[in-house]
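Work through the following exercises with the sequence and the model side by side. Try each task yourself before you read its solution.

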Amino acid sequence: MHTSTLIILLLGLMSLAYYFGRKRSLSIVGGKIRDLHSLPSYYGMQTAMWCGIPALILLSLWISFEETVVTGIVVESLPQELQSLPPERLDLVLNDVRNLSKGDIVSSTVDQTMQQAADHYSSLMDISHMALFVVALSVAILAGLWARRTITREQRARNRVEKAINFFLLSSSTLAIFTTIGIVLSVLFESMRFFQQIPVTEFLFGLEWSPQTAIRPDQVGSSGVFGSVPLFAGTMLITLIAMIVAVPIGLMSAIYMAEYAGKRFRTLAKPVLEVLAGIPTVVYGFFAALTVAPFFREMGTNIGLTVSSESALAAGVVMGIMIIPFVSSLSDDVINAVPQAMRDGAYGLGATRSETIRNVIIPAALPGIVGGVLLAVSRAIGETMIVVMAAGLSANLSANPLEAVTTVTVQIVTLLVGDQEFDSAKTLAAFALALVLFVITLALNMIALHIVRKYREQYE
Amino acid sequence: MNNQQQHQKTMERVQQGLDRRYRKERHFRWLGLGAIILGLLFVSFLFITIISNGYTAFQQTYVKLEVFYDPEMIAPIGETDTEVLSRANYGGLIKASMRQMFPEVTNRREKKVLYGLISTGAAYELRNAVMSNPSLIGSKAEVWVVADDDVDMLIKGHIDLRLPESDRRIKDNQLGWIHLLQEQDRIEKRFNTTFFTAGDSREPELSGIKGAIAGSFFTLLICLTIAFPVGVAAAVYLEEFAPKNRWTDLIEVNINNLAAVPSIVFGLLGLAVFINFFGLPRSVPLVGGLVLALMTLPTIIIASRAALKSVPPSIREAALGIGASPMQTITHHVLPLALPGMLTGTIIGMAQALGETAPLLMIGMVAFIVDVPGSVMDPSAVLPVQIYLWADSPERAFVERTSAAIMVLLAFLISMNLLAVWLRKKFERRW
């Protein structure tokens with residue numbers, strides 16, 4: 001709340017600075033704008049930037065280091081026996097101090113020193129907040145005043161403002177790169193720590209997955225086996241079922257929409273099919289678990305088959321339904337990209353429509369369709385909510401779609417949801433799985449984009 | 001002669017094959033139509049399932065009780081300050097009223113079952129009534145209170161009475177009491193306001209989606225304030241200013257790849273960077289919004305670039321021709337013309353973010369949170385996560401609440417998409 005007040009105050013100051021900067025530039029030239037280098041509003045903007053940006057940078061730096069500095073001071077003021085605790089214990093104590101100062105529930109008993117430390121902590125925080133308030137506002141005012149003073153008639157205000165905007169544009173566009181780097185680094189670091197405990201070969205080729213590790217050394221329970229083959233087999237099985245559902249339906253509906261359907265039918269049916277793409281995956285998951293899975297189980301019992309209530313079939317079919325619009329819109333694009341001349345040529349030779357489609361259009365559009373299917377596969381592999389809600393939890397190396405299998409994403413979720421130590425092999429395994437998932441989907445995308453691009457060049 | 005014979009022979013062969021070919025043509029066509037109809041069937045089946053499961057959740061069963069606001073139990077010493085009033089035993093009032101209505105129930109165990117017909121939330125209703133109007137004390141009043149979720153399910157017909165008693169959540173003696181109440185017109189279904197005004201709860205009849213909606217709102221707010229300016233800025237840079245070099249290519253490849261990275265990986269990024277590295281708290285909308293912003297950024301950038309591309313070069317040339325700087329050309333002329341397209345893309349990106357669940361599970365937004373969040377730093381759930389949590393709950397009453405929450409979520413999504421379509425229709429310009 002406190003920070004947001006400060007930000008609002010700073011924004012107010014910025015608009016004031018804009019007003020005064022603009023006024024100043026006008027008064028320098030006595031109202032004759034053509035004597036100025038830039039338009040008056042640029043002088044205003046320049047002043048506002050000087051007023052706001054240094055203060056905002058200061059604010060963000062202050063907030064990110066405030067906690068560390070204050071905690072450091074509090075630690076120094078703690079009695080010697082607390083200071084010499086190992087870092088994890090000290091962290092616990094500090095956490096208690098923080099909670100105590102906020103009035104939250106504390107895990108250990110509150111004694112004199114704790115109470116003192118908490119008071120110290122909250123008073124330091126108060127001082128820091130006050131100081132930030134004063135410093136940030138004075139920086140803003142001083143910088144704004146300075147910028148206003150330095151306005152001259154030759155000052156190249158527009159160029160400076162445009163340079164600043166350009167810098168903002170450039171840095172925004174590099175955020176995508178930083179996101180990718182962030183993903184790679186965060187996943188890679190934790191995976192490396194995992195592979196220090198579990199050899200890579202065991203992870204990639206092991207046939208057994210049972211991540212339950214004993215917390216105490218004397219505890220009965222499995223010691224944790226991290227062989228990821230069953231997970232990938234399960235993922236592949238569900239993806240395969242999804243593709244068996246999605247590819248024929250998606251492709252055929254795209255063909256019908258593009259080649260047969262009249263305009264009215266298309267404008268009616270296409271948006272309805274696209275609704276499927278907009279439905280959140282958690283809804284599909286609920287649908288799979290509540291309706292589709294029991295339906296398959298009933299059907300199985302009627303014909304004498306035992307179908308698990310978390311069968312790969314249910315999750316796969318629902319995932320396939322989810323992917324139908326994805327396949328159909330991608331194939332629609334490539335089918336429409338096939339030049340009309342090729343169709344006309346085939347019709348001129350006496351081919352029927354379906355013969356044209358099968359012998360001319362599909363072969364011409366094949367690379368694009370394959371690319372689209374690969375993108376759909378990568379989506380299915382990375383899909384989480386449907387399988388979390390409808391597929392099984394225990395690893396089961398099986399190719400039978402009626403049994404319960406688990407997938408990579410399900411395991412990532414189950415390993416990371418809930419409270420765990422962050423550096424146990426169990427949680428680190430989730431990052432290793434995510435690394436493999438990221439690499440696989442990235443590779444699939446690269447291949448798909450490459451195929452699509454190569455194909456497009458043929459007709460343009 | 002020979003030539004003509006040849007021709008006839010060919011025609012014969014063509015004629016022979018024609019039936020087969022036309023049949024194949026028809027089959028192919030039916031196959032296509034069948035695929036579309038199957039797709040449409042899936043859509044309608046999905047909606048019918050959700051709606052038929054969920055529409056009952058908008059009603060809630062209430063029971064009429066005759067409550068005597070016993071001064072002995074509320075304020076035994078005669079003091080009526082808020083402290084005393086808020087701590088009084090209102091559950092006791094309800095129990096007393098139930099005992100009065102069913103005097104034949106004397107067995108301790110049966111009594112407990114009898115009290116179970118009324119939700120534990122009823123006591124809070126009485127408390128609120130007394131707190132806002134202390135003059136009620138000592139009076140007798142007829143009060144409609146919320147029934148327990150099992151009673152609610154029975155009234156709505158979700159409990160199969162053909163099952164043996166031991167398999168049912170409602171036992172035979174409870175059935176008898178409920179019939180008695182029904183005969184006296186003491187049971188009624190009303191519009192379920194709790195569903196829209198309460199946070200999560202372990203009791204289905206007291207749970208609502210207000211907390212989740214507030215959480216979704218704050219999360220989307222953060223997501224929008226970050227993703228929209230940054231996305232538009234990145235699109236403008238790439239489309240208008242970027243030189244054609246390797247660096248630009250790298251950025252473009254990155255954006256395209258990020259668009260296809262599984263959403264759960266973004267959750268891991270949020271966990272590792274925002275929570276473990278920067279030390280932000282778990283399960284707050286701020287972190288959720290940041291993660292979703294990174295996730296929707298590619299969508300917004302791609303849509304904004306398409307919008308910028310559709311502005312014809314003549315606009316830029318005209319502006320440059322009369323002496324505008326490149327930046328002025330963009331900010332004064334190109335951006336306003338491209339803005340509707342950018343907004344459409346942003347709304348679609350926001351709709352995507354609103355429905356996203358997996359990355360939020362990773363940053364701890366699955367906690368059970370009763371309070372309605374008041375700021376971006378309060379722990380909260382979001383609507384899809386609430387759906388996920390309720391879908392995991394065993395109570396039958398949560399099934400209909402899950403479906404109802406899904407209906408609310410879909411209503412939001414559909415209206416966002418309609419808004420996007422409307423924006424596109426209204427501001428679309430053909431050059």
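**Exercise 1. Find what share of the residues in chain A is buried, and decide how spread out the chain is.**

Solution. Begin with burial: of the 460 residues in chain A, 40% are buried, where a residue is buried if 20 or more other C-beta atoms lie within 10 Å of its own, exposed if 12 or fewer do, and partly exposed in between, with the C-beta atoms placed from the backbone. The model is a predicted one, in which local features need pLDDT of at least 70 and side-chain atom pairs count only at pLDDT 80 or more, while totals for chains, interfaces and linings use all residues. Residues are numbered from 1 along each chain as its sequence is written, and chains are lettered from A, and ligands numbered from 1, in the order in which they are written.

Finally, along the principal axes, the C-alpha atoms of chain A fill a box of roughly 80 × 80 × 40 Å.

**Exercise 2. Determine whether A:Arg22 is buried or exposed, and list what it touches.**

Solution. First locate A:Arg22, which sits in helix H1 (residues 2-28) of chain A. A:Arg22 counts as buried because it has 22 C-beta neighbours inside 10 Å. Leaving out residues up to four places away in sequence, A:Arg22 touches A:Pro40, A:Ser41, A:Tyr43 and A:Gly44, where two residues are in contact if their C-beta atoms, placed from the backbone, lie within 7 Å.

**Exercise 3. Describe how chain A meets chain B.**

Solution. Count both sides: 68 residues of chain A are in contact with 65 residues of chain B. On the side of chain A, the largest share, 20 residues, comes from helix H6 (residues 157-197). By class, that side has 44 nonpolar, 20 polar and 4 charged residues, where Ala, Val, Leu, Ile, Met, Phe, Trp, Tyr, Cys and Pro count as nonpolar, Asp, Glu, Lys and Arg as charged, and the others, Gly among them, as polar.

**Exercise 4. Work out the strand order of the sheet in chain B, and say which strands stand at its edges.**

Solution. Start with the order: 3 strands form an open antiparallel sheet, S2-S1-S3, in chain B, and two strands pair if DSSP finds at least two bridges between them. Strand S2 (140-146) and strand S3 (187-191) of chain B are at the edges, each with a single partner strand, so one side of each has no neighbour in the sheet. Then look at one pair: strand S1 (residues 59-68) of chain B is joined to S3(B) by 5 bridges, and B:Val63 stands opposite B:Ile187 in S3(B).

Terms used
Helices (H or I, at least four residues) and strands (E, at least two) are DSSP runs, numbered from the N terminus. The radius of gyration is taken over C-alpha atoms; the globule rule is 2.2 Å times the number of residues to the power 0.38.
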